[in-house]
Each structure stands twice: as C-alpha cells, then as structure tokens.
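Please open the structure in your viewer and keep the selection tool at hand.

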Amino acid sequence: MKTLTPLEASLWLTLCGRALDNRSPRPILGDAMADRIVRETGYDHRELHLTPSAALNIAHRAKKLDEVAGRFLAAHPGAVGLDLGAGLDSRALRLTLPPTADWYDVDLPGVIAARRELLPEAATHHDIAADLTTSAWLDALPRDRPAVIVADGLIAFLSERELIALLDRLVGHFPGGEIAFNGYSPFAVWAQRHHPVGRSIAGLTKFPGFDDPHVPEHWNPRLGLVKEILCTREPEVADFPPVLRLVTRLAAHSAALSRKGNVVLHYRF
Ligand SMILES: C[S@@+](CC[C@H](N)C(=O)[O-])C[C@H]1O[C@@H](n2cnc3c(N)ncnc32)[C@H](O)[C@@H]1O
C-alpha cells in the first residue's frame with residue numbers, strides 16, 4: 001500500500017475503532033471487514049491511543065449512519081447512496097443494498113487506491129477519487145435519483161465554509177434525499193485537540209463545531225432536521241460494558257451534555 005498523506009491517514013482512527021469494537025465481547029457494530037483490514041495490513045492501532053469508549057463511540061455512530069442509509073434505501077430502492085470521506089469503510093457491504101440502488105464512496109486519491117487494493121470489488125466499483133472541496137466529481141453522479149448521503153468522521157476536516165459549499169452542491173445536485181453526518185460540538189472539537197485520541201489528527205481539523213442541530217437549516221433552506229440522534233439515548237447503550245453504560249445513562253438525562261459527545265445529525269432535503 002502506498003503511503004497515505006496525513007489527512008488520508010486519518011482513516012485509521014475510525015477503521016481501528018470499528019476493528020476494536022469487533023474484537024470486544026459484545027460488539028456494537030460487528031464490522032469484521034474493518035478488523036480484517038487492520039490485521040492484514042499489520043497497522044499498529046496502539047499509536048492512536050484509542051480508548052475502549054472511543055472505539056465504541058466510533059462503532060456506535062457508524063451503526064446509526066448505517067441505519068439512516070439502510071432505511072432510506074429500503075424505502076427508495078432506486079436511490080443513490082453516497083459515503084463522503086469513506087476511508088477504508090465498507091458500509092455498502094454492511095447494508096443490504098437493493099439491486100436497483102447504486103452506492104458511491106468518495107475520498108482522496110490515495111485512499112481510493114488503498115480501497116481498491118484492500119477491499120473486495122463489491123465494495124469499490126463506484127469509488128470516486130476526489131477532493132470534496134471541489135465540485136467536478138459530482139458530474140459522475142446521476143441527477144435524477146434521490147440520494148442518501150452519509151459522512152462519518154469527515155466534517156472535522158472541513159472548514160465551515162467548505163462544509164456549507166459541499167452541502168449546497170449536494171442539495172443542488174439531487175432532486176431530494178437525506179444527509180446524515182456525525183456532529184461536532186465546540187466542546188468535542190476542543191476535546192479532540194487535547195485528548196491523546198485526537199493526537200494523530202491534530203493540526204488537520206478545521207471545523208469549529210456547533211451545538212444547535214438546526215444550524216445547517218440556516219445554511220441551506222432546503223435542509224430540514226429529521227432527527228438529532230443523541231447516541232446516549234439509543235438502544236445500543238444497553239450493550240455497553242457496565243461502567244460505560246452507567247455513565248452514558250446518566251449523561252442521557254441531559255440533552256446539553258449528550259450533545260457534547262456522540263451525535264449523529266440527520267436532515268432531509
Ligand atoms: C476520520 S476518516 C473517516 C473515514 C471513514 N468515513 C470511516 O468512518 O472510516 C476521514 C476521511 O475523510 C477523508 N477526507 C478528508 N478531507 C477530505 C476531502 N477534502 N475530500 C475527500 N476526502 C476527504 C480522509 O481522506 C479520510 O479518509
């Protein structure tokens with residue numbers, strides 16, 4: 001595998017998070033493919049300082065994004081699915097895609113080359129090598145089909161202006177659809193910069209974060225909030241290890257506190 005740029009290499013954080021979740025006694029996501037890739041490449045996840053709770057949160061939010069995409073594709077079998085900043089994730093393999101749906105994974109060129117080397121062909125045949133801060137890549141996508149768009153761990157690497165422009169382009173391209181991404185509160189941005197888990201991506205993140213899930217509705221009037229998914233309140237918490245489950249259940253009482261942690265924001269347009 002060719003050397004990835006530091007930005008591209010951010011994919012290890014989420015991939016290893018899902019791999020570690022898969023190795024836990026009660027996986028939340030059970031991403032065997034992530035586990036397989038980490039083992040096969042011999043990547044040493046210890047340098048990422050991933051705590052069990054960080055790994056679990058990564059797996060949990062991936063599961064929430066899978067659910068959004070899976071529900072949309074079940075209701076719109078002719079739709080298009082997009083994973084923005086897909087890394088080495090094989091979300092399309094975790095979902096049961098209707099045969100009439102098409103799934104596109106978009107990431108920077110080094111990542112797309114690595115996907116083609118490491119993932120089964122079924123997970124890569126619509127891969128697009130592109131910088132999401134540009135617009136020409138959208139020309140490769142149909143304009144006349146609804147779309148479900150997910151971005152897992154991406155927006156931290158975009159400036160607010162870049163994210164707004166990206167959302168504008170997506171909303172303008174498709175006739176309608178849904179968009180979901182994990183949110184970052186200003187606290188989460190601060191914590192990422194000061195916690196050892198964020199060390200590998202220090203200096204690469206640009207997003208300032210926001211707390212109010214309605215903020216993107218002001219960026220683009222076609223976006224409407226479907227749900228602010230506060231992961232502390234999701235059913236998978238029942239499967240968390242005891243101490244983490246207790247702490248998470250306590251945090252769940254406060255939306256303000258929950259919002260500072262693992263959140264998935266889901267919009268329609
Ligand atoms: C933390 S990783 C998440 C990867 C994947 N979504 C996952 O959950 O494993 C962030 C990903 O965003 C990609 N990325 C960051 N900025 C990008 C940009 N401007 N255009 C395309 N991809 C970008 C990186 O290359 C990396 O693969």
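**Before starting**

This is a predicted model, in which local features need pLDDT of at least 70 and side-chain atom pairs count only at pLDDT 80 or more, while totals for chains, interfaces and linings use all residues. Residues are numbered from 1 along each chain as its sequence is written, and side-chain values use heavy atoms, with hydrogens and water left out.

Helices (H or I, at least four residues) and strands (E, at least two) are DSSP runs, numbered from the N terminus.

**Stop 1: the ligand**

Select the ligand and the residues around it. A residue is near a molecule or strand if one of its heavy atoms lies within 4 Å of it. Which residues come nearest to the ligand? Of the 20 residues around the ligand, these are Thr14, Arg18, Gly85, Asp107 and Asp152.

Next, display the polar atoms. A polar contact is a pair of N or O atoms within 3.5 Å; within protein, one must be able to donate a hydrogen and the other to accept it, and residues adjacent in sequence count only if both atoms are side-chain atoms. Asp107 has a polar side-chain atom 2.6 Å from an oxygen atom of the ligand. In the side chain of Asp131, an N or O atom is 2.9 Å from a nitrogen atom of the ligand. Leu132 instead places a backbone N or O atom 2.8 Å from a nitrogen atom of the ligand.

**Stop 2: Asp105**

Select Asp105, which is found in strand 2 (residues 102-107). Is Asp105 buried or exposed? Buried means under 20% relative accessible area, exposed over 50%, and partly exposed in between (1.4 Å probe, protein chains only). Asp105 counts as buried because its relative accessibility is 2%.

Now show its surroundings, where contact means heavy atoms within 4.5 Å. Not counting residues up to four places away in sequence, Asp105 touches Asp83, Ala86, Ile112, Arg115, Ala123, His126, Asp127 and Ile128. With Arg115, the side chain of Asp105 makes a side-chain polar contact of 2.9 Å.

**Stop 3: helix 2**

Select residues 32-41, which form helix 2. Its buried residues are Met33, Ala34, Asp35, Ile37 and Val38. They pack against helix 1, helix 4 (91-94) and helix 5 (109-118). Just after helix 2, look for Gly42, which takes a positive phi of about 70°.

**Stop 4**

Select Asp66 in helix 3. Asp66 has 10% relative accessibility and therefore counts as buried. Leaving out residues up to four places away in sequence, Asp66 touches Leu29, Arg91, Arg94 and Leu95.

Then select Val197, in the loop between helix 7 (186-194) and helix 8. At 13% relative accessibility, Val197 counts as buried. Apart from its neighbours within four places in sequence, Val197 is in contact with Leu13, Leu48, His49, Leu50, Thr51 and Ala54.

**Stop 5**

Select Glu217 in helix 8 (residues 215-219). Its relative accessibility is 23%, so Glu217 counts as partly exposed. The side chain of Glu217 reaches the backbone nitrogen of Leu225 at 2.7 Å. Residues up to four places away in sequence aside, Glu217 touches Leu223, Gly224 and Leu225. Draw a distance from Glu217 to Tyr267: these residues are 50 apart along the chain, and their C-alpha atoms are separated by 8.7 Å.

Move to Ala255, in helix 10 (residues 255-259). Ala255 is partly exposed, with a relative accessible area of 26%. Not counting residues up to four places away in sequence, Ala255 touches Leu230 and Arg233.

**Stop 6: the second largest pocket**

Finally, select Ser24, Pro25, Pro52, Leu56 and Pro241. Of the 15 residues that line the second largest pocket, these are the closest to its centre. Helix 1 (11-23) and helix 3 (52-75) are the elements that give two or more residues to the lining. The largest share, 3 residues, comes from helix 3. By class, the lining has 10 nonpolar, 2 polar and 3 charged residues; Ala, Val, Leu, Ile, Met, Phe, Trp, Tyr, Cys and Pro count as nonpolar, Asp, Glu, Lys and Arg as charged, and the others, Gly among them, as polar.

Methods:
On a 1 Å grid over the protein atoms alone, a cavity is a set of points where a 1.4 Å probe fits but cannot get out, and a pocket is an open set with protein on both sides within 12 Å along at least five of seven lines; lining residues have an atom within 4 Å of a point.
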